[in-house]
Amino acid sequence: MRLIPRNIRFAVMGVAMVLLPLLGVLPATAQSEEKPTFWLMGDRSERLVMPFELINNLVVIEARINGSEPMKFIVDSGAGRNIITSLYNKEIYLNNTETVLLAGLGEGERLEAFRSTGNQVQIERIASNDVEVLILKEDVFRLASFMGTEVHGILGFDLFDSFAVEIDYRAKLLKIYDPVKAEEKFEKLPRHRKWFTIPISVENEKPYVTISFKNNRNDDYSDLKLLLDTGASNSLSFYDPTSDEIVLPDNTISTLLGIGLSGNVSGELGRIKKVKFGPFEFEEPVVSFPDSLSVRRAFGFDDRNGSIGGDLLRRFKVIFNYHEGLLYLRKNKNYNDDFTYNVSGIEVTTPYPNLPYYEISYLRKNSPAKKAGLKEGDIIRKVNGKKAEELTLNDLLNIFQKREGDRVRMTVKRDTVSVSLRFDLKDELQLN
């Protein structure tokens with residue numbers, strides 16, 4: 001099957017870029033213990049080190065499918081399958097296609113996709129000749145608009161199942177290990193004073209871990225089963241209908257949390273008192289609480305209570321070792337960073353990927369930005385004295401996530417008029 005993209009007019013929608021995990025409705029592909037889906041080529045077959053882009057806590061690498069030009073993919077431990085979300089003027093050939101229906105997180109219905117098997121995928125010295133790929137007929141994620149660059153899809157379970165995968169968030173390096181040849185290395189790691197291990201379970205092609213949390217200072221700790229999801233940019237998501245121990249904090253913000261496979265994910269943001277992640281403790285993390293309509297399909301596929309995303313994982317060097325059922329963690333310099341969120345209430349998209357053209361696509365109700373007079377559709381020209389051309393999407397996100405008391409000065413273009421304004425950031429999620 002040959003797929004040639006049409007010119008795409010990007011739809012502008014205001015949602016936070018939180019890529020939520022795919023919930024497959026297809027039967028799982030049988031796994032072979034004798035031969036992994038991917039393997040390392042060449043003499044240096046024990047390890048591969050490759051750089052990645054880190055965009056809003058998401059790991060992005062390049063891959064080729066059936067000899068295509070390089071395409072960009074998010075490395076997503078929360079996805080059971082490899083997905084092409086949009087081609088963005090790329091041309092590829094896919095083998096053995098059929099039409100299937102998919103469903104996932106979100107408020108909408110199932111959508112159609114092509115399922116293709118027997119494909120060759122190459123990632124630097126990583127190769128395979130029998131990879132299953134799903135290609136969405138509709139670009140529901142709109143990754144390019146929310147990430148500021150062309151992102152074509154998601155690489156999921158196959159990569160993590162074939163190797164031990166290390167993500168060095170500080171150095172922006174992905175390290176791929178042959179799990180058998182590197183077995184001695186991993187035996188020694190837990191004895192190193194800076195590395196710690198946490199048991200994980202891999203169920204239905206996804207990794208899960210147990211954490212403990214308390215809502216308030218005087219509460220007892222409660223356990224939750226969470227999905228380890230490198231494809232989510234936030235810190236934590238709790239599904240309150242799944243556990244009586246999950247209670248919404250007193251101070252919350254109603255907002256759009258992101259986009260799932262089945263559409264918008266709405267819900268609340270709030271802080272809880274403490275989370276224990278293995279031997280590590282975090283004070284007052286920001287937690288997303290998707291509403292029951294957005295996560296209703298999750299209840300039928302597994303018994304998880306939520307997920308752990310990139311904003312928590314980026315505080316470590318992380319090694320996923322499915323073969324040993326372990327997660328290896330080593331603190332990095334991000335460890336003591338405050339847990340922040342988009343205090344301003346501004347969500348930005350880039351209708352033209354790779355260009356510094358930023359449009360306000362959504363304003364949270366009663367947010368500092370909305371009260372100051374900003375409007376959806378405004379084009380950002382200048383922020384805190386810097387022209388838009390000097391800022392990346394990550395730069396803007398960092399400005400909008402500053403803490404209490406920071407001031408933001410903005411100039412926007414509204415129709416043909418230039419409008420300048422300023423507002424102070426206020427943390428609305430402080431614990432009582």
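Residues are numbered from 1 along each chain as its sequence is written, and side-chain values use heavy atoms, with hydrogens and water left out. Because the model is predicted, local features need pLDDT of at least 70 and side-chain atom pairs count only at pLDDT 80 or more, while totals for chains, interfaces and linings use all residues.

**Exercise 1. Find out how many helices and strands the protein has, and what share of its residues is buried.**

Step 1: Count the DSSP runs, taking helices as H or I of at least four residues and strands as E of at least two, numbered from the N terminus. The protein has seven helices and 33 strands.

Step 2: Apply the burial cut-offs: buried is under 20% relative accessible area, exposed is over 50%, and partly exposed is in between (1.4 Å probe, protein chains only). Of the 432 residues, 58% are buried.

**Exercise 2. Locate the largest nonpolar core and explore Met410.**

Step 1: Recall that a nonpolar core is a set of buried Ala, Val, Leu, Ile, Met, Phe, Trp, Tyr and Cys residues joined through side-chain atoms within 4.5 Å. The largest one has 91 residues, and Phe238, Phe277 and Met410 have the most contacts inside it.

Step 2: Another core, of 20 residues, lies apart from it; Leu58, Ala79, Phe146 and Met147 are among its members.

Step 3: Look for contacts, meaning heavy atoms within 4.5 Å. Leaving aside residues up to four places away in sequence, Met410 touches several residues, including Ile346, Leu374, Lys382 and Phe423.

**Exercise 3. Decide whether Arg422 is buried or exposed, and name its contacts.**

Step 1: Find Arg422 in strand 33, residues 417-424.

Step 2: Its relative accessibility is 54%, so Arg422 counts as exposed.

Step 3: Not counting residues up to four places away in sequence, Arg422 touches Ala372, Arg407, Val408 and Arg409.

Step 4: Now turn to Asn384, 38 residues from Arg422 along the chain; their C-alpha atoms are separated by 9.1 Å.

**Exercise 4. Work out which strand gives the most residues to the lining of the largest cavity.**

Step 1: A cavity is a set of points on a 1 Å grid over the protein atoms alone where a 1.4 Å probe fits but cannot get out, and lining residues have an atom within 4 Å of a point. Its volume is the space filled by probe spheres set on the points, which are joined across faces, edges and corners. The largest cavity has a volume of about 50 Å³.

Step 2: Among its lining residues are Ala63, Phe73, Asn82 and Val121.

Step 3: Strand 7 gives the most, with three residues.

Key. On a 1 Å grid over the protein atoms alone, a cavity is a set of points where a 1.4 Å probe fits but cannot get out, and a pocket is an open set with protein on both sides within 12 Å along at least five of seven lines; lining residues have an atom within 4 Å of a point.
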